[in-house]
Amino acid sequence: MTTPLPILQSAQPSCTACELHAQARNPGVPSVHLPTSLPFSSTTPLVAVLGMNPGLQEDKVNQPFVGPSGRLLKEVYLKHITPLAHIVLLNTARCYTHSATPPKPKQFRTCFSTYSTLDLTSLASALSPTTPRILLACGAHALSTVTKFTSSKAWSLTSAFTRQGTPTNLWGDWQLFTTFHPAAVLRDGNLLHPVSDHMTLIHSALVGQMPVASSPNLVPPFCPPNDPAEANHWNEEFRKNPKMN
């Protein structure tokens, strides 16, 4: 018997915590439980994926991670993680920004501290003390917001790649992992090489193997490993979708 899903914090319908709501069609695009992952329970490993902010397609349909970046995240990044854990998808900021301009650091921090920290606390409180819980920060904006909040000093991607699996002492001892944002991979397919390495570390952590420090400059295997047909498919996606939206 599975445990009822923890309710995720909603910024809708009238969030005015920062200025971003004014330019979004759907302010506060909600966080979601990934339905293709394992059912939630107190003993099921939990992976919370933290993206940047909703794109144009997400703003149109009021659903997170449905554009090219979201598809890449769900279909490739998480392919080998989905059978091992319950997965929750969150954004650091929850409103769309025009002209591919990212939110400002203060806006990221405001949204993250107002909503995401409550989600992470609620999720962790529903788990048994020994259940693995992993927070995956995708990209520099998510990473800097989380680390600024937890340690008062923002980490760079380069620094984080050598500190994969670092425990945080907030929200129930989450292990922090980092990888490149899917939008960056859509611009440069070679970044799937280190992404594959980072996902392998998370896989190892979920099956009880101690992860080792990751290098951001690894070379193949491609992600997912040893699957030329799928690699060709995503190379074609990169060619057709050079930008996030």
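Let me start with a term: buried means under 20% relative accessible area, exposed means over 50%, and partly exposed lies in between, with a 1.4 Å probe and protein chains only. This is a predicted model, where local features need pLDDT of at least 70, side-chain atom pairs count only at pLDDT 80 or more, and totals for chains, interfaces and linings use all residues. Residues are numbered from 1 along each chain as its sequence is written, and side-chain values use heavy atoms, without hydrogens or water.

First, helix H7. Helices (H or I, at least four residues) and strands (E, at least two) are DSSP runs, numbered from the N terminus. H7 covers residues 192–206, 15 residues in total. From first C-alpha to last, H7 reaches 21 Å, close to the expected 21 Å. That expected span is 1.5 Å times one less than the number of residues. Of the 15 residues in H7, 13 are buried, so the helix is largely enclosed by the rest of the structure. Just after H7, Gly 208 has a positive phi of about 90 degrees.

Next, Thr 82. Where is Thr 82 found? In the loop between helix H2 (68–77) and strand E3 (86–91). Thr 82 counts as buried, because its relative accessibility is 11%. Its side chain reaches the backbone oxygen of Leu 78 at 2.8 Å. Beyond neighbours within four places in sequence, Thr 82 is in contact (heavy atoms within 4.5 Å) with Leu 34, Thr 36, Ser 37, Leu 38 and Ile 87.

Last, the cysteines. Cys 111 counts as buried at 9% relative accessibility. Cys 138 counts as buried at 3%.

Key
Polar contact = N/O pair within 3.5 Å; in protein donor to acceptor, adjacent residues only side chain to side chain.
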